[in-house]
Amino acid sequence: MTVVDSSSGRFGEFGGRFVPEALMGALDELERAWETARAEGSFDRELAALHKNVVGRPTPLYEAERFSERVGAQVLLKREDLAHTGAHKINNTLGQVLLATRMNKKRIIAETGAGQHGVATATAAAYFGLPCVVYMGAVDVERQSLNVVRMRMLGAEVVSVEAGSKTLKDAINEALRDWVANVEDTHYVIGSVVGPHPFPEIVATLQSVIGTEARAQVLDLLGRLPDEVVACVGGGSNAIGMFRGFYRDEAVALIGVEAAGEGLEGRHGASIARGRPGVLHGARSLVLQDDDGLIAEAHSISAGLDYPGVGPEHSWLQASGRASYHSATDDEALDAFKLLGSTEGILPALEPAHALAYVMRRGGPGTVLVGLSGRGDKDVATVSSISSMGDVT
Amino acid sequence: MSALSSGLEERRAGGRKLLVPYVMGGQPDRDSFPRILAAVSRSADALEVGLPYSDPLMDGPVIAAAGERSIRAGVGPSEALELVAEAGGKSLRVIMTYYNPIHSAGEESFCAATIKAGVSGLIVPDLPLEESEGLRRAAADQGLAWIPLVAPTSSPARVAAIAATATGFVYAVSTLGVTGTREQLSERAAAVASACKEATDLAVLVGIGVSSPEHAHAAALYSDGVVVGSAVVRLVAESGAEGAAAFLAEVRAALDEAAETA
């Protein structure tokens, strides 16, 4: 379903197009290309084939029986960690690069936080034979070095961004600067449901395959819908992808889980819990900022949630009451990371570990569908450096 | 007619080409900032003061780093505006700021504070035509002139629509890209400036990448003058008030020479 007002690019009072004049033509062009592609059946057919043959869709729905016993609720995992490249990000990048080829763009750029979107964009660019530049904050280059190596092996150029907080927010700034300079031959594959219209709508539509599949799989397994659908929220693309499958099912609660970092009174990334309306990266949404309107530095143990803004559709879902938002701290996410590993043999990425942490806190009863948006290989070094798990005895 | 446009028209009357240098609010430090403003005013027709911002996505490394230094020294957007107010002086001044500090303060109260600081115009590089209606109205209510940007990628219809909103001058962005010095002035600058000239009687100033007296001379042949940003910001940091003033005197001379040719 479409929830954006395409004339204003807004979800309720959020969204819009707050960008330099230089990009306005490109955003119009992108919007037209997207509408044309959607109207022609061939785009959807090509994308469906890519999903099947490149991504390995549908990803499984997995009943986490031993984890469920421990938390007291029936927990179902939508296994996006089993998608090609190890996260849901590939759903978006293949769709956007396919669109870029239809627009005759010759060059692909992207930002990345945890590196999963960078890897997925590098993969899609390699698949279509286009050169790719990925901007990544210097702090993230350090803490997600495995993904930096992966991107380079896939042929992408990785640019370490030294400005500002040296994380995802600054990587997006740098990607936008590149796009302003090279807008005529370059497509910017934005990695989440953020940015100026039509990006939030495009990314949400491309990720909605997660929720559409999951809804059918849960019905198939249980003959009924889950009580809650839970997903972590940084920019919020995997959560929107899940939620969009369930908007019309009003009995199903939609729960987003933000990064509470060191706690909501300390450093965190909870833009919905603690932000106020502002404009960041081309859209009006809830933003962590100071009294002067300077954007605050976020903090999370997970690079993918370390972002002071959130997609405008989430701000709208919260304002409308259709979804509600909770948060989990770094420590809670680490506990969830370990529990899923020891009970199910699955190492989740630290991002969806926040969603699992909410489920652990929630307890029973009921059936909870959780978006397991990515796998935890990339986080092994981070986890071992801050817990005793890395000690060899 | 806004105070800014009438001030600029008076100066243009004899065929003079306009020079608008850009300085970053609060640079190189709080105490020296008034001296910088006075020094760069000497050859200028108006000054553009940037408000420090955390995420300046239209700015290249020189201006972005200057803004970061101000913020680290505790000079954010509202403090920078206060420094402009305290500096006094008679020069025409315009503010360049990203939109979020305006949104945060509220459009009306931001415009009121800006006018109160002795500023007469407003440039907001991340607020395009379609999103700026409310702020343009708030600015007009306070007598604050609106200075829109036109890009090389703006369609003819957009150039006309954007130019129609201008009440100060029109900022013709010379090239695709962020602020910063360039070896050469973009070949596209002339086309952008000419398109703007056809769409408005207000002054059309060329900016982004205007880095030398030679660039200024070339741009003045098809426009009403130039905005010089990164080159000035770099000189303020490296050579202080006198270094920046000496450079601007050369740019002034180049513009005057162009005015005689044109």
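Buried stands for under 20% relative accessible area, exposed for over 50%, and partly exposed for what lies in between (1.4 Å probe, protein chains only).

A word on the model itself. It is predicted, with local features needing pLDDT of at least 70 and side-chain atom pairs counting only at pLDDT 80 or more, while totals for chains, interfaces and linings use all residues. Residues are numbered from 1 along each chain as its sequence is written, chains are lettered from A and ligands numbered from 1 in the order in which they are written, and side-chain values use heavy atoms, leaving out hydrogens and water.

Now to the place where the two chains meet. Contact means heavy atoms within 4.5 Å; buried area is the accessible area (1.4 Å probe) that two parts lose on being put together, summed over both.

| Feature of the A–B interface | Value |
|---|---|
| Residues in contact | 32 residues from chain A, 36 residues from chain B |
| Buried area | about 2700 Å², 52% from carbon and sulfur atoms |
| Polar contacts (both residues at pLDDT 80 or more) | 20 residue pairs |
| Salt bridges | four salt bridges |

A polar contact is a pair of N or O atoms within 3.5 Å; within protein, one must be able to donate a hydrogen and the other to accept it, and residues adjacent in sequence count only if both atoms are side-chain atoms. A salt bridge puts a side-chain nitrogen of Lys or Arg within 4 Å of a carboxyl oxygen of Asp or Glu. Arg10(A) and Glu131(B) form a salt bridge through their side chains, at 2.9 Å from N to O.

On the side of chain A that touches chain B, α1 (21–39), α8 (168–182) and β11 (276–280) each supply at least two residues. Of these, α8(A) gives the most, with six residues. Helices (H or I, at least four residues) and strands (E, at least two) are DSSP runs, numbered from the N terminus.

Within chain B, helix α2 (residues 33–41) has these buried residues: Phe33(B), Ile36(B), Leu37(B), Ala39(B), Val40(B) and Ser41(B). Their cover includes β1 (18–24) and α11 (230–261) of chain B.

Finally, Pro60(A) sits in the loop between α2 (41–55) and β3 (61–63) of chain A, and is partly exposed at 37% relative accessibility.
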